[in-house]
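Subject: Structure handover

Hello,

Here is the structure I said I would pass on. Please open it alongside this message, as my notes follow the figure.

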Amino acid sequence: MDPKCQCLELNDGHFIPILGFGTYAPEEVPKSEALEVTKFAIDVGFRHIDCAHLYQNEEQVGQAIRSKIADGTVKREDIFYTSKLWSTFLRPELVQPALEKSLKNLQLDYVDLYIIHFPAALKPGEELFPKDENGKLIFDTVDLCRTWEVLEKCKDAGLAKSIGVSNFNRKQLEKILNKPGLKYKPVCNQVECHPYLNQSKLLDFCKSNDIVLVAYGALGSQRLKDWMNPSYPVLLEDPVLCAIAKKHKQTPALISLRYQMQRGVVVLAKSYNKKRIKENMQVLDFELTPEDMKAIDGLNSNVRYYDLLFLSDHPDYPYSEEY
């Protein structure tokens, strides 16, 4: 890892850069853009790249990483790459083939982190969102402990250096932590987390179990019509954030990112705008005061932009619990 990189130690001894670059883009963005912006993100200093099978751009992101290795900008070990196991691959026999498919698309030998993307299983097959003739999602039932056992095998096989989860609530995490014969604890839980949904209870629970919280949606959301509630307030227009930003001569986005870092949360900054990608690196250059942190804590109102209500009937839907 690059010595300049500010990292947190994971419970398996590996290190994760505290600032990551998120590569998800809405369908209307051409895939070639993922290649360009990922190369640019590496050029300006990002070393943690977060992607997923669901994003359908691992080929381009992998190409970007390999081209930056080829031109001498980075070595493979300087990059921390995360991929995610999608919900249609949660059956134990599908886990390793799914990871191998991602590695083939990336043309990399291993990923640094492989995580279960969402705890609710969907019907296996090529469709990312399998639906019946009435347009309803077709659910699957899977014991996540069995899924986890195969992730452990993938780690032992060297296909993934670390393994973790995403969008799990406390009960779902406990199920894995209390699994008889557990070999490796999840190193992280990647969840939506921002000043309006600061996840303080889940964060405390994760910290008490030596699990790192990774924040996505840290700047609110991209207002995607299928994924979120458009009536919610725009986080980056919040007067408290704007006032703190003005005081520090920073943007509200940088204040939101910095807030997470100072809580010991790994934060993903997602942007396809080069000016903002470069700007997001400045989060390492300033600090918020305890008063700032307290004021931002006070914004928590449990606003979940990505409530994924189309999955709310699923028995493993994670957001029915308090945390």
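Predicted model: local features only at pLDDT ≥ 70, side-chain atom pairs only at ≥ 80, totals over all residues.

The annotated residue comes first. The UniProt record, an unreviewed entry, places the feature "active site" at Tyr55. Tyr55 lies in the loop between β4 and α2. Is Tyr55 buried or exposed? Its relative accessible area is 12%, and Tyr55 therefore counts as buried, the cut-off being under 20%. Leaving aside residues up to four places away in sequence, Tyr55 touches Thr23, Tyr24, Lys31, Asp50, Lys84 and His117.

Next, the helix that follows this loop. Helix α2 covers residues 58–70, 13 residues in total. At 1.5 Å a residue α2 should span 18 Å, and its end C-alpha atoms are 18 Å apart, which agrees. The buried residues in α2 are Glu58, Gln60, Val61, Gly62, Ala64, Ile65 and Lys68. Their cover includes α1 (31–44), β4 (48–50), β5 (80–85) and α3 (92–106). After α2 comes Gly72, with a positive phi near 85°.

Last, the helix pair. α3 packs with helix α4 (residues 144–156) at an angle of about 35°, and their axes are 8 Å apart. The crossing of α3 past α4 is right-handed. On the α3 side, Pro92, Val95, Gln96 and Leu99 make the contact; on the α4 side, Arg146, Thr147, Val150, Leu151 and Cys154 do. By type, the residues of this contact are six nonpolar, two polar and one charged.

Regards

Conventions
Residues numbered from 1 in each chain as written. Heavy atoms only, no water. Helix = DSSP H or I, 4+ residues; strand = E, 2+ residues; numbered from the N terminus. Expected span 1.5 Å × (residues − 1). Buried < 20%, exposed > 50% of the residue type's maximum accessible area, 1.4 Å probe, protein only. Contact = heavy atoms within 4.5 Å. UniProt positions renumbered as here; feature names shortened; annotations may be inferred. Axes fitted to C-alpha atoms, helices over the stretch in contact; angles between N-to-C directions. Left-handed = near helix turned anticlockwise from the far one by under 90°. Nonpolar A, V, L, I, M, F, W, Y, C, P; charged D, E, K, R; others polar.
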